[in-house]
Amino acid sequence: MKPILVAAALVASSSVASGQAAQSVVITLTEFKVAVPKDTVKAGPFTFRVKNAGLMNHAMYVRGPGVDKGTRDIQVGQESPLAVTLKPGTYEVFCPLSDLSHKAAGMTHTLVVTAADTPAPAAAPAKKKPGS
Ligand SMILES: [Cu+2]
């Protein structure tokens, strides 16, 4: 439990790309499942907040176009941030522990990333200024 470090990490991740705030996504790990709130997200910087809600240690790894990284081992009840920038494509999100036996048991999730410029009501670009 190190709240100061968590706060520092959040500040750092939010300043990664000017003009494009990192999207914060909570991912929950249990036996043996990787719960991701959305199967499809828009490209851009992300901060995954990876929570271990299971009964044994887990970790999370992201593999896809331009990304090949993961968290440290996460103790039961703990959370670890993972900052990644996702490009359009298909990513695999999985637990790499126990020689991938957790993954084989079901701890894997496919995350589809679509182009950021696809029109979306929730992430509409700034309106043009009148008169410009
Ligand atoms: Cu695991």
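Thr 40 stands opposite Val 112 of strand 9. The model is predicted: local features need pLDDT of at least 70, side-chain atom pairs count only at pLDDT 80 or more, and totals for chains, interfaces and linings use all residues. Residues are numbered from 1 along each chain as its sequence is written.

Strand 3 (residues 40-42) and strand 9 run parallel and are joined by 3 bridges. Helices (H or I, at least four residues) and strands (E, at least two) are DSSP runs numbered from the N terminus. Two strands count as paired if DSSP finds at least two bridges between them. Strand 9 is also joined to strand 8, here antiparallel, by 6 bridges. Val 93 has His 109 in strand 9 as its bridge partner.

An open sheet is formed by 4 strands in the order 2-1-4-7, with mixed pairing. Strand 2 (33-35) and strand 7 (79-86) each have a single partner strand, so one side of each lacks a neighbour in the sheet. From one strand to the next, the twist averages 25°; axes are lines fitted to C-alpha atoms, for helices over the stretch in contact, and angles run from 0 to 180 degrees between N-to-C directions. Within this sheet, strand 1 (residues 23-30) pairs with strand 4 (residues 44-52) in the parallel sense, over 7 bridges. Ile 27 stands opposite Val 50 in strand 4.

Val 50 also belongs to the largest nonpolar core, which has 21 residues. Such a core is a set of buried Ala, Val, Leu, Ile, Met, Phe, Trp, Tyr and Cys residues joined through C-beta atoms within 7 Å. Leu 29, Val 34, Val 50, Met 60, Val 93 and Cys 95 touch the most other members. Two or more residues each come from strand 1, strand 4, strand 5 (61-64), strand 7, strand 8 (89-94) and strand 9 (108-114). Leaving aside residues up to four places away in sequence, the contacts of Val 50 include Ile 27, Leu 29, Met 60 and Leu 82. Contact requires C-beta atoms, placed from the backbone, within 7 Å.

Some backbone geometry stands out. The Glu 31 to Phe 32 peptide bond is cis, with omega near -15°. Phe 32 lies in the loop between strand 1 and strand 2. In helix 2 (residues 97-104), Asp 99 has a positive phi of about 50° although it is not a glycine. Asp 99 counts as exposed because it has 8 C-beta neighbours inside 10 Å. Leu 100, also not a glycine, has a positive phi of about 70°. Leu 100 is partly exposed, with 14 other C-beta atoms within 10 Å. A residue is buried with 20 or more other C-beta atoms within 10 Å of its own, exposed with 12 or fewer, and partly exposed in between, with C-beta atoms placed from the backbone.

How values were computed
Two residues are in contact if their C-beta atoms, placed from the backbone, lie within 7 Å.
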